Amino acid sequence: PVVEAPVVEEEPKLEETYEGIKVLGKIKIDSIDVEQYILDSTSDKALKLGVGKLYGGNLNSSGNLSIAGHNEKDKFQDLEELEKGDTFIIIDKDLKETTYKITDITSVEPDDLECLRSDDSKTEITLITCQNGTTSRLIVKAEKTNSVDNV
């Protein structure tokens, strides 16, 4: 008798690459209608396609992961509408969702890199976009909430 090989279901995962650039995960900010791949690059091409990792460690690990995006529709154009206490979701390669709560929103000079500083006792995401043309940067800091996994 012929033995059928068991069918192995592939676990759903995010794309490995998007337009040739490595995908780290996805960011979803429902309140301003943003859902973008987080790309492992801040090259011109990457930032035309989505948002990119500027600095930091891995998604959802301790420390500060800084993500930059253009101030454009579907990217970070409406970040200034966010308020402290608002939340957004980071989706990793295995489609696990982690919620972050906004703790601070500031505007800084383009050469002020203080927002990239990392504190390993926290799991933070920093969102960065241009403001007022390119004369300042809007910085949105958020910390991982201690949510229970929805498994």
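1. The accessible surface of the protein comes to about 9200 Å², and 45% of that area belongs to carbon and sulfur atoms. Accessible areas come from the Shrake-Rupley method with a 1.4 Å probe, and for residues only the protein chains shown count as cover.

2. A word on the source. This is a predicted model, in which local features need pLDDT of at least 70 and side-chain atom pairs count only at pLDDT 80 or more, while totals for chains, interfaces and linings use all residues. Residues are numbered from 1 along each chain as its sequence is written, and side-chain values use heavy atoms, with hydrogens and water left out.

3. The protein has 1 helix and 9 strands, in the order β-β-β-α-β-β-β-β-β-β from the N terminus. Helices (H or I, at least four residues) and strands (E, at least two) are DSSP runs, numbered from the N terminus. The C-alpha trace spans about 75 × 35 × 25 Å along its principal axes.

4. Of the 151 residues, 40% are buried. Buried means under 20% relative accessible area, exposed over 50%, and partly exposed in between (1.4 Å probe, protein chains only). Among contacts with a separation of 6 or more, 53% are between residues 24 or more positions apart; contact means heavy atoms within 4.5 Å.

5. The largest nonpolar core holds 22 residues, of which I27, I29, I67, L79, F88, I90 and L127 touch the most other members. Strands β2 (21–29), β3 (34–39), β5 (63–68), β6 (87–91), β7 (97–108), β8 (123–131) and β9 (136–144) each give two or more residues to this core. A second, separate core of 6 residues includes I21, V23, Y37 and L39. A nonpolar core is a set of buried Ala, Val, Leu, Ile, Met, Phe, Trp, Tyr and Cys residues joined through side-chain atoms within 4.5 Å. In soluble globular proteins, nonpolar side chains tend to be buried together.

6. What is L127 in contact with, leaving aside neighbours within four places in sequence? The list is I27, I29, I67, F76, L79, F88, L138, I139 and V140.

7. Q36 lies in strand β3 and, at 11% relative accessibility, counts as buried. Its C-alpha is 5.5 Å from that of K26, 10 residues away in sequence. Beyond neighbours within four places, Q36 is in contact with G25, K26, I27, L49, G50, V51, D74 and K75. The side chain of Q36 also reaches the backbone oxygen of D74 at 2.8 Å. This is a polar contact: a pair of N or O atoms within 3.5 Å, where within protein one must be able to donate a hydrogen and the other to accept it, and residues adjacent in sequence count only if both atoms are side-chain atoms.

8. S136, in strand β9, is buried with a relative accessible area of 6%. Not counting residues up to four places away in sequence, S136 touches S107, V108, P110, T129, C130 and Q131.

9. D33 lies in the loop between β2 and β3 and is exposed, with a relative accessible area of 63%. N60 is found in the loop between β4 (51–55) and β5 and counts as buried at 17% relative accessibility.
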